[in-house]
Amino acid sequence: MLFRSKTLAEAVGEVVRAAQIFKFFAGETLRAGGELVPSIRPGMSVEITREPVGVVGIITPWNFPIAIPAWKLAPALAFGNTVVMKPAELVPGSAWALADILQRAGLPKGVFNLVMGRGSEVGAALLDDARVDAISFTGSQATGARVAAACVARGAKFQLEMGGKNPFVVLDDADLAVAVNCAVQSGFFSTGQRCTASSRVIVTEGIHDRFVAAVAEKMAALKVDDARAPGTDIGPVVDERQLAQDREYIDIGRQEGARLAAGGQVLEHNSRGAPGFYLTPALFTDTTPGMRINREEIFGPVVSVLRAKDYEEALALANDTPFGLSSGIATTSLKHATHFKRHAQAGMVMVNLPTAGVDYHVPFGGRKGSSYGPREQGRYAAEFYTTVKTAYVQG
């Protein structure tokens, strides 16, 4: 189960978040609204209501095996749909536990259906089945493109969340301690295996060297160990394939001319002597925008630093990406914070906060290659899980 990759605190926090999501959407069942408006024709009124989409197929990733299924499943059920869910192959235990909880809570038979298997087989069956009215998918861009093509071909509704290459900007006027904490949490916690992780840190010249030195110092104090052990900051990456991918990108960064300023070492064993897929967080400096480590989503604890001469160049670098999920800035300037919130090309913007970490009652989603379709979570989830009906009534 993936929770062996998460620290104990992160695992507990994720389960609590899932419960909060279900509680929020339980309330939404009583907040369903509509509109009653007059017609332009005398004696008529118009009712505008929302109805369930029907059967919703849910395809979820391995990195948040409880929270992401919850934030798809809870609104789907709250708005009256039935669900067929396929979790990632790496985390069947988490999905089974969630299904068991729902069954014991009294969910009627047939409302929630859990299917297991390879995405190429079980996922493809969901995409191609005419009885499935909508698909909500979180995963890679490549798979998202296949989901979109299949749904368009048969006219099904679809919603895609496909990752990011999120920037975090640090300006000369930033509080250094705040900036370092945000960068380290955003880039390395959850082993960097979050679509909202900031793997590109863009730092203006006046604070660059102090910032890099402070980040390297904080990284050296992080404990990479068994995720279940007390005091562990960073657990192992999820599996051997992910570790190989992380190592490959570290090699690519070096080959491209970036300087590995800290970390990037594989640990064969944890402190208890047990083997695992342990990697110390890696920090690259002297990078350029065109390097692959600055263009492609690595999905591991690998962060690169870009130097910018001023705020304007930093903003341009932040937006120079095919992704647009989350974006952050560390600054004490109200002027720059306000401008960044308006001009960062991302669905979510954080000021003096880590780019990873969002509330359950507000919309989640991005722009450009990160997302497609209505937002997830909060009241905005109704846009995907319902369809609008307009009815005329002659008085």
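Tutor: Accessible areas come from the Shrake-Rupley method with a 1.4 Å probe, and for residues only the protein chains shown count as cover. By that method the chain has an accessible surface of about 17700 Å², of which 55% belongs to carbon and sulfur atoms. This is a predicted model, in which local features need pLDDT of at least 70 and side-chain atom pairs count only at pLDDT 80 or more, while totals for chains, interfaces and linings use all residues. Residues are numbered from 1 along each chain as its sequence is written, and side-chain values use heavy atoms, with hydrogens and water left out.

Of the 395 residues, 52% count as buried (under 20% relative accessible area, with a 1.4 Å probe and protein chains only). The secondary structure comprises 12 helices and 20 strands (DSSP runs numbered from the N terminus, helices being H or I of at least four residues and strands E of at least two).

Now to the sheet itself. Six strands form an open sheet with mixed pairing, in the order β5-β4-β3-β6-β7-β19, where two strands pair if DSSP finds at least two bridges between them. At its edges stand β5 (112-114) and β19 (371-372), each with a single partner strand, so one side of each is left without a neighbour in the sheet.

Notes:
Buried means under 20% relative accessible area, exposed over 50%, partly exposed in between (1.4 Å probe, protein chains only).
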